[in-house]
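Student: I would like to learn how to read side-chain features from a model. Please take them one at a time.

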Amino acid sequence: MKTFKDLIFEPSEPILNGVQARIDFDNGYGASVIKNRFSYGGSAGFYELGVTKDDQLHYDNLVANGDVIGWLGEEEVSKLLIEIQNLKD
């Protein structure tokens, strides 16, 4: 199972002053994890995670319940990544 340590963060656009990572899983789902001054909790050092499918944010799933999830620490991101990897269509 892939966890936070498997994410490869890159700088986001300079105006956002943050980082972003995307990861895809064998089940067709993935995740976008960001931390910037506009993300939920980003200015306080926390991460925001969105579930993806087909390279787009995907809100209709049991993990995110129709939204992105913010105010996450590294361990919480790892737990959500594992949940996403266990999603089935």
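Student: Are Glu75 and Lys79 buried or exposed?

Tutor: This is a predicted model, in which local features need pLDDT of at least 70, side-chain atom pairs count only at pLDDT 80 or more, and totals for chains, interfaces and linings use all residues. Residues are numbered from 1 along each chain as its sequence is written, and side-chain values use heavy atoms, with hydrogens and water left out. Buried means under 20% relative accessible area, exposed over 50%, and partly exposed in between (1.4 Å probe, protein chains only). Glu75 and Lys79 are both exposed.

Student: How many salt bridges are there?

Tutor: Side chains of opposite charge can pair when their charged atoms come close. The rule asks for a side-chain nitrogen of Lys or Arg within 4 Å of a carboxyl oxygen of Asp or Glu. The count comes to 3 salt bridges. One of them joins Glu75 to Lys79, with the closest N and O atoms 3.5 Å apart. Glu75 and Lys79 are 4 residues apart in helix α1 (residues 74-85), so about one helical turn separates them. Helices (H or I, at least four residues) and strands (E, at least two) are DSSP runs, numbered from the N terminus.

Student: Which residue does Arg22 meet in a salt bridge?

Tutor: Arg22 meets Asp55, at 3.5 Å from N to O. Arg22 is in strand β2 (residues 19-24) and Asp55 in the loop between β4 and β5 (56-57), so the pair ties together parts 33 residues apart in sequence. Arg22 is partly exposed at 46% relative accessible area, while Asp55 is exposed at 54%. Another salt bridge is formed by Asp6 and Lys5, whose closest N and O atoms are 3.8 Å apart. Lys5 is exposed, with a relative accessible area of 67%, and Asp6 is partly exposed at 32%.

Student: How many aromatic pairs are there?

Tutor: Rings of Phe, Tyr and Trp (its six-membered ring) pair if their centres lie within 6.5 Å; planes under 30 degrees apart count as stacked, over 60 as edge-to-face and the rest as tilted. That rule gives 4 aromatic pairs. Among them, Phe4 and Phe9 have ring centres 5.6 Å apart and planes at 40°, so this pair is tilted. Phe46 and Trp71 also form a tilted pair, 5.6 Å centre to centre with 50° between the planes. This second pair links distant parts of the chain: Phe46 is in the loop between β3 and β4, Trp71 in strand β6 (residues 69-72), 25 residues apart. Ring pairs also link Phe4, Phe9 and Tyr47 into a cluster.

Student: Where does Asn36 lie?

Tutor: Asn36 lies in the loop between β3 (29-35) and β4 (47-53). With a relative accessible area of 7%, Asn36 is buried. A polar contact is a pair of N or O atoms within 3.5 Å; within protein, one must be able to donate a hydrogen and the other to accept it, and residues adjacent in sequence count only if both atoms are side-chain atoms. The side chain of Asn36 reaches the backbone nitrogen of Phe38 at 2.7 Å, and a polar atom of that side chain lies 2.9 Å from the backbone nitrogen of Ser39.

Student: Which residues is Asn36 in contact with, leaving aside its neighbours within four places in sequence?

Tutor: Contact means heavy atoms within 4.5 Å. On that basis Asn36 is in contact with Leu16, Asn17, Gly18, Gly42 and Ser43.
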